[in-house]
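Take a look at the model below. We will walk through it one region at a time.

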Amino acid sequence: MNKWTPLIRWSIAVFLVLFLLSAFRDLIIKSAIELSSPSIIGAKIEMGSLSLGVLTHQVHIKNFRMYNPPGFPDQIFMSLPEVALKVDINGLLKGRMYFPLVVMDMDKMVVVKNKEGKLNVDSIKMIQEQAAANKGKPMKLPAFKIDLLELNLGKVIVEDYTHAPPVHVEAYDLNIKDKKITNINGIPKLMAAVMVEAMKPTAIRSAGLYAAEAVLGVGFLPAVAISVAMSQDEANADLDDSFDRVTQESLKLVQELGSVKKADAGNGQIWAKVYGCDITINIENTGWNKSHVRIKARQYMLAKFEIANGLLYQLTERLKS
């Protein structure tokens with residue numbers, strides 16, 4: 001037993017050193033990406049963690065957040081809880097970024113139109129430079145290639161500041177799973193691919209993304225955007241908050257955004273006018289300090305799911321605070 005004790009101790013020591021070196025290496029890579037992102041992309045990037053598996057040739061990123069470019073609210077533009085990449089380590093050491101497979105899980109993208117009518121997606125530095133490159137101005141970017149990109153997209157929020165306050169908010173549920181895009185041969189193409197897929201249901205025509213269409217290929221962008229969610233009748237969700245709190249916050253929300261026509265707080269029923277739509281909110285106490293909320297929006301007898309979903313999004317954000 002004593003014969004093996006020094007060997008075991010040395011093995012543990014070597015393992016700890018390698019672990020610390022690996023963690024230090026990952027921290028350096030993570031910090032380098034975060035620090036360089038404003039100059040390359042034109043927006044701040046934060047990551048909860050980054051791990052590079054040298055033996056597995058995989059990169060795993062958690063809680064990736066990209067913020068708005070200058071001239072827009074200082075808030076998250078794109079949120080990705082998880083990104084997994086299969087990477088060519090040898091190529092990476094030589095300055096070539098080659099990824100046979102990238103899987104991106106994006107839960108939210110917030111499209112903002114500021115008071116001047118400009119879109120945050122058009123103000124991303126890399127998208128602007130790609131548009132200029134299409135006119136003959138070369139871009140200086142490292143070699144970058146993805147064989148297969150798999151996208152999971154959750155929700156896109158549209159915030160419009162061109163109206164009189166308060167801000168006009170709409171929300172669209174994408175529910176896109178395993179959307180496959182091949183041959184991504186550039187960082188601008190990667191960014192444009194994600195943003196275009198997310199924006200399809202909104203019917204917003206982004207000048208910057210359309211100008212970058214040359215790198216995406218003819219037919220990538222739809223001629224007419226169609227939202228499947230538009231056919232839905234109401235937005236609803238199960239909430240981990242009490243009936244009383246959800247009712248109170250719902251009342252505050254519609255009072256701030258519009259006006260309350262009638263309210264029966266005891267039964268969780270609210271009728272209001274918001275963004276020119278007739279709003280109906282029903283809150284149900286489901287027990288154990290939880291509740292279920294249903295929101296409908298109508299304008300001239302037509303369902304406005306994007307408005308109802310936008311109100312639900314704003315309500316859930318309020319309940320987080």
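Start with helix H8. Of its 16 residues, 13 are buried, so the rest of the structure largely encloses this helix. Keep in mind that the model is a predicted one. H8 covers residues 305–320. At 1.5 Å a residue, H8 should span 22 Å, and its end C-alpha atoms lie 23 Å apart, which agrees.

Next comes helix H7, which takes in residues 243–257. Val246 is part of H7. Val246 has a relative accessible area of 0%, so it counts as buried. What does Val246 touch, not counting residues up to four places away in sequence? Its partners are Leu239, Asp241, Ile283, Ser291, Leu315 and Leu319. Another pair to look at is Val246 and Thr316. Their separation in sequence is 70 residues. In space, their C-alpha atoms are 9.0 Å apart.

Now turn to the strands. Strand E3 runs over residues 76–86 and contains Ser79. E3 is antiparallel to strand E4, residues 97–113, and seven bridges join the two. Within this pairing, Ser79 stands opposite Lys108 of E4.

Is Ser79 buried or exposed? Its relative accessibility is 14%; the cut-off for buried is under 20%, so Ser79 counts as buried. Its side chain also makes a polar contact of 3.0 Å with the side chain of Asp107. Set aside neighbours within four places in sequence, and Ser79 is in contact with Phe64, Asp105, Met106, Asp107 and Lys108.

E4 has a further partner. It pairs with strand E5, residues 144–160, in the parallel sense. This pairing holds 15 bridges. In it, Met104 stands opposite Leu151 of E5.

Finally, step back to the whole chain. How many helices and strands does the protein chain have? There are eight helices and twelve strands. The chain has 321 residues, and 42% of them are buried. As for the surface, the chain exposes about 17,300 Å². Carbon and sulfur atoms supply 58% of that area.

Terms used:
Residues numbered from 1 in each chain as written. Predicted model: local features only at pLDDT ≥ 70, side-chain atom pairs only at ≥ 80, totals over all residues. Heavy atoms only, no water. Helix = DSSP H or I, 4+ residues; strand = E, 2+ residues; numbered from the N terminus. Buried < 20%, exposed > 50% of the residue type's maximum accessible area, 1.4 Å probe, protein only. Polar contact = N/O pair within 3.5 Å; in protein donor to acceptor, adjacent residues only side chain to side chain. Contact = heavy atoms within 4.5 Å. Areas by Shrake-Rupley, 256 points an atom, 1.4 Å probe, with all protein chains shown as cover. Pairing = 2+ DSSP bridges. Expected span 1.5 Å × (residues − 1).
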